[in-house]
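Me: I would like to learn how to read a model like this one. Please take me through it feature by feature.

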Amino acid sequence: MKAIRVDQFGEPDVLRLVELPAPQPTVGQVLVRVHAIGVNPVETYTRSGNYARKPALPYTPGSDAAGIVEAVGGEVTAFKLGDRVYTAGSLTGSYAEFTLCDVSQVHPLPDNVSFAQGAAIGVPYATAYRALIQRGQARSGESVLIHGASGGVGIAGVQLARAHGLKVLGTASTEAGRQLVMQQGAHQVFDHGAADFPGKILRATGNRGVDMILEMLANQNLAKDLTLLAPGGRVVVIGSRGRVEIDPRETMVRESDIRGMVLFNTPPAELKQIHTALIEGLKNGSLRPVIAREFALAEAAQAHIAVMQSGAGGKIVLVP
Ligand code: NAP
């Protein structure tokens, strides 16, 4: 099979297309023939070698894919050959024509969801759900600012928050991104590149602030976020690419919380709840992953460059 292989950490050009033997499933495993692969920012951090979690070299990147069950190992009863599935995790990496998964990493893909959309679920939608519902404890009637609403996690957050009856404010840096965020269900959208955007957000809430913030770039925004929260508000830190200085007094006067999250910390029982909710949302149409761009598997390096550029408009996927 064709697969991307990383022999040494480094720039995007270390992502090389090679020929490898297709893996075979053993007990409790599922082999998926991949039709689309989700590209997530974390795969660029891992590839660079600067991330806390480092795989043993050489490795094939990726956890998110969608495709068809090609083979199942012993004791697998939940899936059969030919089933449409998406993956949220992989034993051998998803940047390949076949990916081997533990059965717990495989989920049914509803018929109304394309393979490209299926590749956009594993990390982005699960992260948005964990941030909004499990860590953020969102309640209907509350307001949420999705800071970075135009990317994979942000669009998922907008759709989930609307489905849960929240008032949704979003940010994006481009006009096209802001239009997309509104189309996905935000009530109001702001430009996170504009100098006066925190004042605009505060005025939009009648100076009360928002109940929750889902934060995609905390190193840039956390200090301001703390001034945008309503009393009892909480910021869920989803993404951060550096350090930041904050004024803790802003949390004291509002009795507000800063809550971090990393998807791979999710306990198995809560992960199961997440995918149960996501599959139902996909089926009923409240969750509709948006694809920004498709690249061929051989163009994985370009996809890694694109996913780190500003001007997001949904999910970047690879097609083997
Ligand atoms: P993505 O598809 O590349 O989207 C990135 C988003 O961040 C875009 O909406 C972008 O908006 C926005 N952004 C850029 N500069 C910003 C700023 N100054 N303020 C606010 N937003 C800004 O990435 P993603 O998959 O959605 O992931 C988003 C972040 O969450 C990444 O940092 C990723 O590493 C992290 N993440 C964390 C977890 C976890 O478990 N904690 C899981 C998944 C992702 P524009 O392009 O419009 O500027």
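Me: What should I know about the numbering and the kind of model?

Reply: Residues are numbered from 1 along each chain as its sequence is written. The model is predicted, so local features need pLDDT of at least 70, side-chain atom pairs count only at pLDDT 80 or more, totals for chains, interfaces and linings use all residues, and side-chain values use heavy atoms, with hydrogens and water left out.

Me: Into which domains is the protein chain divided?

Reply: Domain bounds come from an automatic or database domain assignment. Here domain 1 covers 2-120 + 289-319, and domain 2 covers 124-264. Their C-alpha centres lie 28 Å apart.

Me: How is the size of an interface given?

Reply: Often as the accessible area lost when the parts come together. The buried area used here is the accessible area (1.4 Å probe) that two parts lose on being put together, summed over both. Between domain 1 and domain 2 it is about 1000 Å², with 59% from carbon and sulfur atoms. In domain 1, Arg53, Val290 and Ala312 lose the most area to domain 2, together 36% of what that side buries.

Me: How many residues of each domain are in contact?

Reply: Contact means heavy atoms within 4.5 Å. By that rule, 16 residues of domain 1 meet 14 residues of domain 2.

Me: How many salt bridges does the rule find across the interface?

Reply: The rule asks for a side-chain nitrogen of Lys or Arg within 4 Å of a carboxyl oxygen of Asp or Glu. It finds 0 between domain 1 and domain 2. The touching side of domain 1 has 8 nonpolar, 5 polar and 3 charged residues.

Me: Why is helix α10 largely enclosed by the rest of the structure?

Reply: Two terms come in. Helices (H or I, at least four residues) and strands (E, at least two) are DSSP runs, numbered from the N terminus. Buried means under 20% relative accessible area, exposed over 50%, partly exposed in between (1.4 Å probe, protein chains only). In α10 (residues 300-307), 6 of the 8 residues are buried, so the helix is largely enclosed. They are Ala300, Ala301, Ala303, His304, Ala306 and Val307. These buried residues pack against β1, β2, α1, β14 and β15.

Me: Is His275 buried or exposed?

Reply: His275 is buried, at a relative accessible area of 4%. The residue is found in helix α9 (residues 268-284). Leaving out residues up to four places away in sequence, His275 touches Tyr86, Ala88, His107, Gly122 and Ala126.

Me: Where is His35 found?

Reply: In strand β3 (residues 29-38). His35 is partly exposed, at 33% relative accessible area.

Me: What can backbone angles tell me?

Reply: Most residues other than glycine have a negative phi, and most peptide bonds are trans. Gln137 has a positive phi of about 55°. Its place is in the loop between α3 and β8. Asn207 also has a positive phi, about 65°, and lies in the loop between α6 and β11. Gln137 is partly exposed at 44%, while Asn207 is exposed at 57%.

Me: Which residues does a cis peptide bond join?

Reply: Leu57 and Pro58, with omega about -10°. Pro58 sits in the loop between α1 and β4.

Conventions
Ala, Val, Leu, Ile, Met, Phe, Trp, Tyr, Cys and Pro count as nonpolar, Asp, Glu, Lys and Arg as charged, and the others, Gly among them, as polar.
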